[in-house]
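Thanks for coming. I will walk through one model, starting with how its elements are named and ending at the ligand.

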Amino acid sequence: MSDCLFCGIAAGEIPAKTVRESSRAIAFRDINPQAPAHVLVIPRAHYANLAELAAAGDGLLDEVATLAAAVAADEGVADGGYRVVFNTGPDAGQTVHHVHAHLLGGRPLEWPPG
Ligand code: 5GP
Ligand code: ZN
């Protein structure tokens with residue numbers, strides 16, 4: 001999708017601090033981190049939200065989750081704990097309509113979130 005910010009990052013056309021990649025997914029630091037570790041994990045292909053990604057099948061959602069878990073280990077938060085969030089739709093505050101998992105960790109995280 002030509003006007004999509006995260007498609008631009010996936011294509012290398014928009015700079016991002018990439019921390020890990022797999023064949024169909026990429027992980028990069030959030031530009032406005034909300035925790036010491038705040039990484040976004042996306043499929044390279046464009047899906048608007050979690051429902052579309054889940055419907056894609058072929059193990060793509062698994063690949064995103066597996067990459068998130070690997071990043072958690074890289075960031076040193078796997079043992080202490082971390083949160084993975086797919087904000088979906090307006091009530092959840094989704095602002096970028098290319099599905100992304102937020103990986104947050106490195107500090108105590110309150111539950112439930114706001
Ligand atoms: P959402 O609100 O859609 O769940 O999350 C979008 C996230 O993308 C936000 O946390 C925001 O800080 C991040 N973001 C927005 N623009 C950019 C950008 O250009 N680069 C990076 N790395 N993150 C971005
Ligand atoms: Zn996109």
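First, a word on elements: helices (H or I, at least four residues) and strands (E, at least two) are DSSP runs, numbered from the N terminus. On that basis, Asp58 sits in the loop between α2 (50-56) and α3 (60-74).

Before I go on, the source. This is a predicted model, where local features need pLDDT of at least 70, side-chain atom pairs count only at pLDDT 80 or more, and totals for chains, interfaces and linings use all residues. Residues are numbered from 1 along each chain as its sequence is written, chains are lettered from A and ligands numbered from 1 in the order in which they are written, and side-chain values use heavy atoms, with hydrogens and water left out.

Back to Asp58. Its phi is near 60°, a positive value in a residue other than glycine. Most residues other than glycine have a negative phi, and most peptide bonds are trans. Is Asp58 buried or exposed? Asp58 has a relative accessible area of 69%, so it counts as exposed. The cut-offs are under 20% relative accessible area for buried, over 50% for exposed, and partly exposed in between, with a 1.4 Å probe and protein chains only.

The other backbone point concerns the peptide bond between Trp111 and Pro112, which is cis, with omega about 0°. Pro112 belongs to the segment after β5. Another proline, Pro36, is in the loop between β2 and β3 (37-43). Pro36 is exposed because its relative accessible area is 61%.

Now the histidines. His98 is in the loop between β4 (82-85) and β5, and it counts as buried because its relative accessibility is 0%. Which side chain does the side chain of His98 join in a polar contact? That of His46, at 3.4 Å. A polar contact here is a pair of N or O atoms within 3.5 Å; within protein, one must be able to donate a hydrogen and the other to accept it, and residues adjacent in sequence count only if both atoms are side-chain atoms. The His98 side chain also reaches the backbone oxygen of Ala45, at 3.4 Å.

His102 is in strand β5 (residues 101-105). With a relative accessible area of 13%, His102 is buried. Its side chain makes a polar contact of 2.8 Å with the side chain of His38. Leu104 is in strand β5 too, and is buried at 13% relative accessible area.

His102 brings us to the ligand. A polar side-chain atom of His102 lies 2.9 Å from an oxygen atom of ligand 1. On the nitrogen side, a backbone N or O atom of Arg29 is 2.9 Å from a nitrogen atom of ligand 1, and a polar backbone atom of Ile31 is 3.3 Å from a nitrogen atom of the ligand. Taken alone, ligand 1 exposes 530 Å², and the protein buries 82% of that; these areas come from the Shrake-Rupley method with a 1.4 Å probe, and for residues only the protein chains shown count as cover.

What about the shell around ligand 1? Its residues divide into seven nonpolar, seven polar and two charged. Here Ala, Val, Leu, Ile, Met, Phe, Trp, Tyr, Cys and Pro count as nonpolar, Asp, Glu, Lys and Arg as charged, and the others, Gly among them, as polar. Which element gives the most to this shell? It is α1, with three residues.
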